[in-house]
Amino acid sequence: MTTATSTIVQPVDRSSVDRPAVVLERVTKRYTGNNGILALDGISLTVRPGEFLTLVGASGCGKSTLLNLVSGLDQPTSGSVEVNGRAAFMFQDHALFPWLSALDNVATPLRLAGVGKKDREAQALDYLEAVHLADFAHRRPHELSGGMKQRVAIARTLATRAPVLLMDEPFGALDAMTRDLLHDELESIWRERNLTVLFVTHNVREAVRLGDRVVLLSSRPGRVVAEYEVSSDRPRRIEDRAVAVLAGEITDALRKEVARHGA
Amino acid sequence: MALDLDSQPGVARGTLQENEIRGLDALDLGSSAPPRAHAVWRAAWPKLAALAIALGSWQIVVVSGWRESYVLPGPVPVFVELGHRLVVQDFWEAVGITMTRGVVGFVIAAALGLVLGVLVARSRILRAAIGSLITGLQTMPSIAWFPLAILLFQLSEQAILFVILIGAVPSVANGVINGVDYVPSLLVRAGRNLGASGLTLYRHVVLPAALPSIVSGLKQGWAFAWRSLLAGELLVSIANRPSLGQYLNQSRELGDTSYMIALMIAILTIGIAVDAVFSSIEGGIRRRRGVAVSG
């Protein structure tokens, strides 16, 4: 069963019993200051609980702005952002605290939540085990490879116990082999823990490899151009034919978007 | 037992996935660090060579007869004098009093500097008001404060403490301000997203991230405190409170130049020793954070 279907954007069915994990309604973000750049223009998007949603677009599509708004690190100029529960952020650069061991990094959100030392260390070790790094608990970030740092960052994000994960090109700086393995890791974690993921990337293949649904954004200002349901079976591989076919289709649409700016 | 791989692809894939990722980890992490004994010698020999050259030059100047030997004695009589003094209680009493003043002054300066630094780093108004004043104060030679200090506090411990503080507090505060200013905004964003805000953000993210700069500020603060202290002890002599600075002044007045230079060596040695402590703290911080240390 490896057929990919795609559908152009339609309003998402609101009658489902589950409360959506994230709802953006006509969200606009204009930055004050230099010429008042319009980053996002009237974005409406509903993310189902447990959905793996990937966002792709060229430079300047406001992908990162969108995640900032969902995380609450930034406020929309107009429109509304609703998150059912907390949203934890994972950055392209691991953003680990260099003065703490892997274990203490992972334990930080627990510490901030008031969990006692013994409990939080035991829990942090469990989260590290989930990314197969329990053996490296006492290493500091600089003693780990790039891929390992990102896995510690995943564990730290999980430790926030947030139901929604926001990932801003988390694997952008990794080599292809490591990235493929981390796709597998992330996919298992997402499935086991029933998380909702908003995953931003400029890599269309990656978006199709991971997503239940891929949202294509236009650039300057960012608008939703199209949405694609990815229906091929999991676990997938980035080399799968179905992934390649759909990725090709999305890439064509993306190129058309980019060409508009050159015309 | 039938070998049916297709019936359990999940299991097979799961273990393979784990092995793959562990294998990659093993390949990613290189070999261990080089031995340390070699590094110690590499760091030590240039210092020993420099010391030998300095003592040799001093001896050459003395031998050349540029000054009478009672004005400028050579290294041998000075170190003999120092050796005598090291077994006398007076000398250690003076070292004790000077060091106590230095340490007490430094601790108070560190506390005030940390609080002042955090306040100025956090408040735009305070920064505009006294940010440049804090930097400016550092350019003021500490000895220039003594006339005022003596008028305000007479010849007393308070006069010395006042000048130590006014020299050291701005250095410490500056270290904190610079450190806070250069905290990567990504770490602050990460900290906020993990649930920190306000004071907890400072405690768990901003101050630890600023620590290297704070320690540099403390180190510089100590240097200012130590200088101010010795200048103060030359000017402010308090009865029954013998100190290194006071002995230094007395030995000049009495023409005991061997003792005078021996005291200078003691003062320099204490300064270097404390500086080495700060440097090793700084080195430890850098090593733990994976910032390369050379030498």
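Student: How are α9(B) and α11(B) oriented to each other, roughly parallel or roughly antiparallel?
Tutor: In this predicted model, the axes of α9(B) and α11(B) come within 10 Å and cross at roughly 175°. Angles over 145 degrees count as roughly antiparallel, and therefore the two helices, α9(B) and α11(B), are to be called roughly antiparallel.

Student: Into which classes do the residues of the contact of α9(B) with α11(B) divide?
Tutor: On the side of α9(B) the contact includes L211(B), W222(B) and W226(B), while α11(B) contributes, among them, I267(B), F278(B) and R286(B). Sorted by class, the residues of this contact are four charged, two polar and twelve nonpolar.

Student: Which element gives the largest share of the side of chain B that touches chain A?
Tutor: Between the chains, 26 residues of chain B are in contact with 28 residues of chain A. On the chain B side, the elements that give two or more residues are α1 (9-28), α8 (185-193), α9 (198-235) and α11 (257-289). The largest share of that side, nine residues, comes from α1(B).

Student: How many residues of the side of chain B that touches chain A are charged?
Tutor: That side of chain B holds ten nonpolar and six polar residues. The remaining class on the side of chain B that touches chain A is the charged one, and its count is ten.

Student: Turning to chain A, why is it described as being as compact as a globular protein of its length?
Tutor: Chain A has seven helices and nine strands, and its C-alpha trace spans about 55 × 45 × 40 Å along the principal axes. For 263 residues the globule rule gives 18 Å, and chain A is as compact as a globular protein of that length because its radius of gyration is close to that value, at 19 Å.

Student: Which helix of chain A gives the most to the side of domain 1 that touches domain 2?
Tutor: Chain A is divided into domain 1 (1-86 + 163-263) and domain 2 (96-161), and the C-alpha centres of these domains lie 27 Å apart. Eleven residues of domain 1 of chain A are in contact with nine residues of domain 2 of chain A. Five residues on the domain 1 side come from the helix that gives the most, which spans residues 176-193 of chain A and is α5.

Student: Is R26(A) buried or exposed?
Tutor: R26(A) is found in strand β1 (residues 22-30) of chain A, and its phi is near 40°, a positive value in a residue other than glycine. It has 12 other C-beta atoms within 10 Å, and since a residue with 12 or fewer such neighbours counts as exposed, R26(A) is exposed.

Student: And Q154(B), is that residue buried or exposed?
Tutor: Q154(B) sits in the loop between α6 (146-153) and α7 (157-181) of chain B, and its phi, near 55°, is likewise positive in a residue other than glycine. With 11 C-beta neighbours inside 10 Å, Q154(B) counts as exposed.

Terms used: Residues numbered from 1 in each chain as written. Chains lettered and ligands numbered in written order. Predicted model: local features only at pLDDT ≥ 70, side-chain atom pairs only at ≥ 80, totals over all residues. Domains from an automatic or database assignment. Contact = placed C-beta atoms within 7 Å. Helix = DSSP H or I, 4+ residues; strand = E, 2+ residues; numbered from the N terminus. Nonpolar A, V, L, I, M, F, W, Y, C, P; charged D, E, K, R; others polar. Rg over C-alpha atoms; globule rule 2.2 N^0.38 Å. Axes fitted to C-alpha atoms, helices over the stretch in contact; angles between N-to-C directions. Parallel < 35°, antiparallel > 145°, perpendicular 65-115°, else oblique. Buried ≥ 20, exposed ≤ 12 C-beta atoms within 10 Å, placed from the backbone.
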